Amino acid sequence: VLSVLEELFLSIFDGLNASCQTELAAIAKQYPFAPLRYSRPALRLRYSEAVQLLRQHGPEIGAAQVAALEAETAAAAAAGDTERARELEFVTADARAHLATVAGHKDDEDLSTKDEKLLGAVVGMVKVGASIYKGRCSCRIGWGEKLLGAVMGLVKVDAPE
(Lines give C-alpha, C1' and ligand atoms only; values in the text may rest on other atoms or scores of the structure.)
Protein backbone atom coordinates (compact mmCIF):
# COMPACT_ATOMS: atom_id res chain seq x y z
CA VAL A 1 0.00 0.00 0.00
CA LEU A 2 2.81 2.44 0.85
CA SER A 3 4.46 1.87 -2.51
CA VAL A 4 1.21 2.60 -4.35
CA LEU A 5 0.62 5.81 -2.37
CA GLU A 6 4.23 6.86 -2.84
CA GLU A 7 3.99 6.44 -6.60
CA LEU A 8 0.62 8.22 -6.65
CA PHE A 9 1.97 11.32 -4.90
CA LEU A 10 5.23 11.37 -6.84
CA SER A 11 3.22 11.12 -10.07
CA ILE A 12 0.99 14.00 -8.94
CA PHE A 13 4.04 16.13 -8.14
CA ASP A 14 5.67 15.23 -11.47
CA GLY A 15 2.42 16.09 -13.27
CA LEU A 16 2.06 19.43 -11.50
CA ASN A 17 5.64 20.37 -12.34
CA ALA A 18 5.26 19.25 -15.96
CA SER A 19 1.73 20.43 -16.78
CA CYS A 20 0.84 23.31 -14.49
CA GLN A 21 3.66 25.83 -14.95
CA THR A 22 1.23 28.64 -15.88
CA GLU A 23 -0.88 28.02 -12.77
CA LEU A 24 2.18 27.67 -10.55
CA ALA A 25 3.55 30.96 -11.94
CA ALA A 26 0.25 32.71 -11.22
CA ILE A 27 0.20 31.43 -7.66
CA ALA A 28 3.89 32.27 -7.15
CA LYS A 29 3.22 35.83 -8.27
CA GLN A 30 0.79 36.36 -5.39
CA TYR A 31 2.25 33.84 -2.91
CA PRO A 32 5.99 33.47 -3.55
CA PHE A 33 7.34 29.98 -2.92
CA ALA A 34 10.38 27.89 -3.68
CA PRO A 35 9.93 25.19 -6.32
CA LEU A 36 8.77 21.85 -4.99
CA ARG A 37 11.64 19.43 -4.46
CA TYR A 38 11.21 15.81 -3.52
CA SER A 39 13.20 12.61 -3.58
CA ARG A 40 12.61 9.44 -5.53
CA PRO A 41 12.15 7.04 -3.88
CA ALA A 42 10.42 8.94 -1.10
CA LEU A 43 11.98 8.81 2.35
CA ARG A 44 10.15 6.53 4.78
CA LEU A 45 10.54 6.97 8.53
CA ARG A 46 9.16 4.97 11.40
CA TYR A 47 6.94 7.03 13.70
CA SER A 48 9.49 6.83 16.52
CA GLU A 49 12.24 8.08 14.18
CA ALA A 50 10.06 10.99 13.07
CA VAL A 51 9.26 12.02 16.65
CA GLN A 52 12.93 11.80 17.58
CA LEU A 53 13.87 14.04 14.64
CA LEU A 54 11.15 16.50 15.62
CA ARG A 55 12.39 16.69 19.22
CA GLN A 56 16.04 16.88 18.24
CA HIS A 57 15.92 19.43 15.41
CA GLY A 58 12.46 21.00 15.63
CA PRO A 59 13.28 23.69 18.20
CA GLU A 60 16.28 24.97 16.22
CA ILE A 61 14.57 24.94 12.83
CA GLY A 62 11.37 26.34 14.34
CA ALA A 63 13.34 29.14 16.01
CA ALA A 64 14.76 30.10 12.60
CA GLN A 65 11.21 30.16 11.22
CA VAL A 66 10.08 32.39 14.11
CA ALA A 67 13.02 34.73 13.49
CA ALA A 68 11.97 35.01 9.83
CA LEU A 69 8.42 35.81 10.93
CA GLU A 70 9.70 38.48 13.32
CA ALA A 71 11.69 40.09 10.50
CA GLU A 72 8.63 39.96 8.24
CA THR A 73 6.54 41.54 11.01
CA ALA A 74 9.06 44.35 11.46
CA ALA A 75 9.16 44.95 7.70
CA ALA A 76 5.35 45.13 7.54
CA ALA A 77 5.26 47.57 10.46
CA ALA A 78 8.02 49.70 8.91
CA ALA A 79 6.06 49.80 5.65
CA GLY A 80 2.98 51.01 7.54
CA ASP A 81 1.01 47.82 6.89
CA THR A 82 -0.42 47.57 10.40
CA GLU A 83 -3.01 44.96 9.46
CA ARG A 84 -0.33 42.61 8.10
CA ALA A 85 1.94 43.33 11.08
CA ARG A 86 -0.86 42.43 13.53
CA GLU A 87 -1.61 39.23 11.61
CA LEU A 88 2.07 38.28 11.68
CA GLU A 89 2.32 39.05 15.40
CA PHE A 90 -0.49 36.55 16.01
CA VAL A 91 1.14 33.93 13.77
CA THR A 92 4.52 34.50 15.47
CA ALA A 93 3.04 34.14 18.96
CA ASP A 94 1.29 30.94 17.89
CA ALA A 95 4.53 29.56 16.42
CA ARG A 96 6.44 30.42 19.63
CA ALA A 97 3.81 28.68 21.76
CA HIS A 98 3.99 25.60 19.55
CA LEU A 99 7.80 25.52 19.72
CA ALA A 100 7.63 25.43 23.50
CA THR A 101 5.97 22.00 23.26
CA VAL A 102 8.18 20.38 20.62
CA ALA A 103 11.19 19.30 22.69
CA GLY A 104 8.95 17.50 25.18
CA HIS A 105 6.91 15.59 22.60
CA LYS A 106 6.31 12.05 23.88
CA ASP A 107 7.00 8.98 21.74
CA ASP A 108 3.39 7.83 21.80
CA GLU A 109 1.79 11.27 21.47
CA ASP A 110 -0.09 12.12 18.27
CA LEU A 111 1.43 14.74 16.01
CA SER A 112 -0.58 17.90 15.50
CA THR A 113 -0.78 19.58 12.11
CA LYS A 114 1.81 22.11 13.29
CA ASP A 115 4.06 19.26 14.41
CA GLU A 116 3.69 17.59 11.00
CA LYS A 117 4.54 20.78 9.13
CA LEU A 118 7.56 21.43 11.32
CA LEU A 119 8.60 17.80 10.87
CA GLY A 120 8.41 18.32 7.11
CA ALA A 121 10.86 21.22 7.42
CA VAL A 122 13.09 19.17 9.72
CA VAL A 123 13.17 16.17 7.39
CA GLY A 124 13.83 18.46 4.45
CA MET A 125 16.81 20.09 6.10
CA VAL A 126 18.22 17.11 8.01
CA LYS A 127 17.47 14.01 5.94
CA VAL A 128 17.03 14.66 2.25
CA GLY A 129 17.62 18.29 1.37
CA ALA A 130 14.17 18.34 -0.21
CA SER A 131 10.86 19.12 1.37
CA ILE A 132 7.18 19.32 0.61
CA TYR A 133 6.87 21.88 3.42
CA LYS A 134 9.07 24.69 2.10
CA GLY A 135 7.30 27.56 3.87
CA ARG A 136 9.22 29.72 6.31
CA CYS A 137 6.95 28.82 9.17
CA SER A 138 5.40 25.54 10.20
CA CYS A 139 2.06 27.28 10.63
CA ARG A 140 1.84 28.68 7.10
CA ILE A 141 0.08 27.27 4.08
CA GLY A 142 2.40 25.65 1.54
CA TRP A 143 2.24 25.95 -2.25
CA GLY A 144 0.45 22.61 -2.57
CA GLU A 145 -2.39 23.82 -0.40
CA LYS A 146 -2.49 27.10 -2.35
CA LEU A 147 -2.59 25.30 -5.68
CA LEU A 148 -5.34 22.99 -4.45
CA GLY A 149 -7.24 25.97 -3.06
CA ALA A 150 -6.88 27.81 -6.37
CA VAL A 151 -8.08 24.80 -8.34
CA MET A 152 -11.06 24.42 -6.00
CA GLY A 153 -11.79 28.15 -6.17
CA LEU A 154 -10.96 28.72 -2.50
CA VAL A 155 -8.00 31.02 -3.12
CA LYS A 156 -8.20 33.96 -5.53
CA VAL A 157 -5.33 33.91 -7.99
CA ASP A 158 -4.83 36.68 -10.53
CA ALA A 159 -4.44 35.53 -14.13
CA PRO A 160 -0.83 35.59 -15.34
CA GLU A 161 0.16 38.47 -17.60
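Reply: Begin with burial. A residue is buried under 20% relative accessible area, exposed over 50%, and partly exposed in between, using a 1.4 Å probe and protein chains only. Now the case: the face of helix 4 turned away from its buried side carries the exposed residues Glu83, Arg86, Phe90 and Ala100.

Me: What kind of model is this, and how are residues numbered?

Reply: It is a predicted model: local features need pLDDT of at least 70, side-chain atom pairs count only at pLDDT 80 or more, and totals for chains, interfaces and linings use all residues. Residues are numbered from 1 along each chain as its sequence is written, and side-chain values use heavy atoms, with hydrogens and water left out.

Me: How many helices and strands are in the protein chain?

Reply: Definition before count. Helices (H or I, at least four residues) and strands (E, at least two) are DSSP runs, numbered from the N terminus. This protein chain has six helices and zero strands. From the N terminus, the order reads α-α-α-α-α-α. Of its 161 residues, 32% are buried.

Me: Which residues of helix 4 are buried?

Reply: They are Ala85, Leu88, Val91, Thr92, Ala95, His98, Leu99 and Val102. Look down the helix axis. The arc is that of the directions from the axis to the C-beta atoms. In helix 4 the buried residues fall within an arc of 145°, so they line one face.

Me: What span should helix 4 have?

Reply: The expected span is 1.5 Å times one less than the number of residues. Helix 4 (residues 82-102) has 21 residues, so it should span 30 Å, and its end C-alpha atoms agree at 30 Å apart.

Me: How does helix 1 read?

Reply: Helix 1 has 18 residues and reaches 25 Å from first C-alpha to last, close to the 26 Å expected. Its buried residues are Glu6, Leu10, Phe13 and Leu16. They fall within an arc of 120°, so they line one face of helix 1. The face turned away from that buried side carries exposed Val4, Ala18 and Ser19.

Me: At what angle do helix 1 and helix 2 cross?

Reply: Axes are lines fitted to C-alpha atoms, for helices over the stretch in contact, and angles run from 0 to 180 degrees between N-to-C directions. Helix 1 (residues 2-19) and helix 2 (residues 21-30) have axes that come within 6 Å and cross at roughly 85°. That makes the two helices roughly perpendicular, a label for 65 to 115 degrees.

Me: Which residues make the contact?

Reply: Contact means heavy atoms within 4.5 Å. Helix 1 brings Leu16, Asn17, Ala18 and Ser19, while helix 2 brings Gln21, Glu23 and Leu24.

Me: What is in contact with Leu119?

Reply: Skip neighbours within four places in sequence. Leu119 then contacts Ala50, Leu53, Leu54 and Leu111. Leu119 sits in helix 5 (residues 113-128). It counts as buried, at 11% relative accessibility. Leu119 and Leu53 are 66 residues apart along the chain, yet their C-alpha atoms are separated by 7.5 Å.

Me: Where does His57 lie?

Reply: His57 lies in helix 3 (residues 47-78). Leaving aside neighbours within four places, His57 contacts Val122 and Val126. His57 and Met125 are 68 residues apart in sequence and 9.4 Å apart, C-alpha to C-alpha.

Conventions
Angles under 35 degrees count as roughly parallel, over 145 as roughly antiparallel, 65 to 115 as roughly perpendicular and the rest as oblique.
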